[in-house]
Amino acid sequence: MLVNMVKMMKEAAVADKAVPGFNVYGYEDAKMVIEVAEALNAPAILMTNKDAVAHMDVKYQAALYGAMGEDTDIPVCVHLDHGKDYALCAKAICAGYTSVMYDGSGLPLEENIRQTQEVVRLAHACAISVEAEIGCVGYNDPSIHAIAMYTDPAEAKQFAEETGVDALAVAVGTLHRMQVQDAKIQYERLEQIQELTDVPLVIHGSTGLTDDDLTKLAATSVAKVNIGTALRMAFGHTLREEIMADSQAFDRIKCFKRPMEAIKEVIHQKYKRLGW
Ligand code: G3H
Ligand code: ZN
């Protein structure tokens, strides 16, 4: 069933669980996420990021993932990840996404609040959930320009109260696109944020988290952890092996079989570490 993020976030925030939000780049990824979630009776969050929506318009993404979500009994949220402006969030909402992230993390606080409020007004009128970011999770990728900034707990409180977002992404030690699990989480900062806000929290760049950190975070008011690079690595590396092993291979459906199994394994591990 197709749902927004509100209920699953509230439930995960108070349970020793967090919902993994996976970046998906097509049918193959989404199918594996839904299959694992069905087996674990867990909710699923299918997220499309900037690269995904540049590759395929949000209206096609919404149609594909929306239909997949409607065809299962588990709750499935189709979420726009890192929407950089109101227009893209509005386009995704009109196309059928059930949730959007407005990412104003590069803006001064007051402007981030103002822009987020506008997206929340539109989204909530359509029963769509909204995630936004305070502080700024940087990138472990020199080709992407973003000034990383830890979340200030007092700002998180102000931001949550003034915007009414359903989920709040905070910068507490992760970086996007890490290929190794050596992020250093600032648990003290996270605790201060938790004490000041009721809103379910989101950790981005979660490929960089150790298995222990995933479990620890699931027990906090972190309700969602975003995972992208781990799946891209598993799919891409396995695809390379597959093609190298057979110089005559050209059938993509056959070539995708093992990469799909490889990501399924990673998806399963992440769910288990997050309390499912
Ligand atoms: O919004 C997406 C995530 O933050 C993914 O981060 O690719 O480093 O796992 P990651
Ligand atoms: Zn992110």
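**Ligand shell and helix packing in a predicted model**

Of the 17 residues around ligand 1, those that come nearest are His204, Thr207, Asn226, Gly228 and Thr229. By class, the shell around ligand 1 holds twelve polar residues, three nonpolar and two charged.

The model is predicted, and its confidence values come from the predictor. The protein chain has a mean pLDDT of 97, and 100% of its residues reach 70 or more. For the complex, the predictor gives an ipTM of 0.99 and a pTM of 0.98. Where pLDDT is low, predicted coordinates should not be read in detail.

Helix α4 covers residues 58–70. The axes of α4 and α5 come within 8 Å and cross at roughly 40°. Angles under 35 degrees count as roughly parallel, so α4 is instead oblique to α5. The crossing in which α4 passes α5 is right-handed. On the α4 side, the contact is made by Val58, Lys59 and Ala62, which meet Lys91, Ala92 and Ala95 in α5. These residues divide into four nonpolar and two charged, with no polar ones.

Helix α5 (residues 86–95) also packs against helix α6 (residues 109–125). Here the angle is about 15°, and the axes are 10 Å apart. An angle of this size makes α5 roughly parallel to α6. The crossing of α5 past α6 is right-handed. Which residues of α5 meet α6? They are Tyr86, Cys89, Ala90 and Ile93, and their partners in α6 are Gln115, Glu118, Val119, Leu122 and Ala123. The contact of α5 with α6 has seven nonpolar residues, one polar and one charged.

Helix α6 in turn packs against helix α7, which spans residues 153–163. The axes of α6 and α7 come within 9 Å and cross at roughly 30°. That angle makes α6 roughly parallel to α7. Again the handedness can be stated: α6 passes α7 in a right-handed crossing. From α6, the residues Leu109, Ile113, Thr116, Gln117 and Val120 take part, and they meet Glu155, Phe159, Glu162 and Thr163 in α7. Four residues of the contact of α6 with α7 are nonpolar, three are polar and two are charged.

Read in order, then, α4 is oblique to α5, α5 is roughly parallel to α6, and α6 is roughly parallel to α7.

How values were computed:
Residues are numbered from 1 along each chain as its sequence is written. Chains are lettered from A and ligands numbered from 1 in the order in which they are written. This is a predicted model: local features need pLDDT of at least 70, side-chain atom pairs count only at pLDDT 80 or more; totals for chains, interfaces and linings use all residues. Axes are lines fitted to C-alpha atoms, for helices over the stretch in contact, and angles run from 0 to 180 degrees between N-to-C directions. Helices (H or I, at least four residues) and strands (E, at least two) are DSSP runs, numbered from the N terminus. Angles under 35 degrees count as roughly parallel, over 145 as roughly antiparallel, 65 to 115 as roughly perpendicular and the rest as oblique. A crossing is left-handed if the near helix is turned anticlockwise from the far one by less than a right angle, and right-handed if clockwise. Two residues are in contact if their C-beta atoms, placed from the backbone, lie within 7 Å. Ala, Val, Leu, Ile, Met, Phe, Trp, Tyr, Cys and Pro count as nonpolar, Asp, Glu, Lys and Arg as charged, and the others, Gly among them, as polar. pLDDT is the predictor's confidence in each residue, from 0 to 100. A residue is near a molecule or strand if its C-beta atom, placed from the backbone, lies within 6 Å of it.
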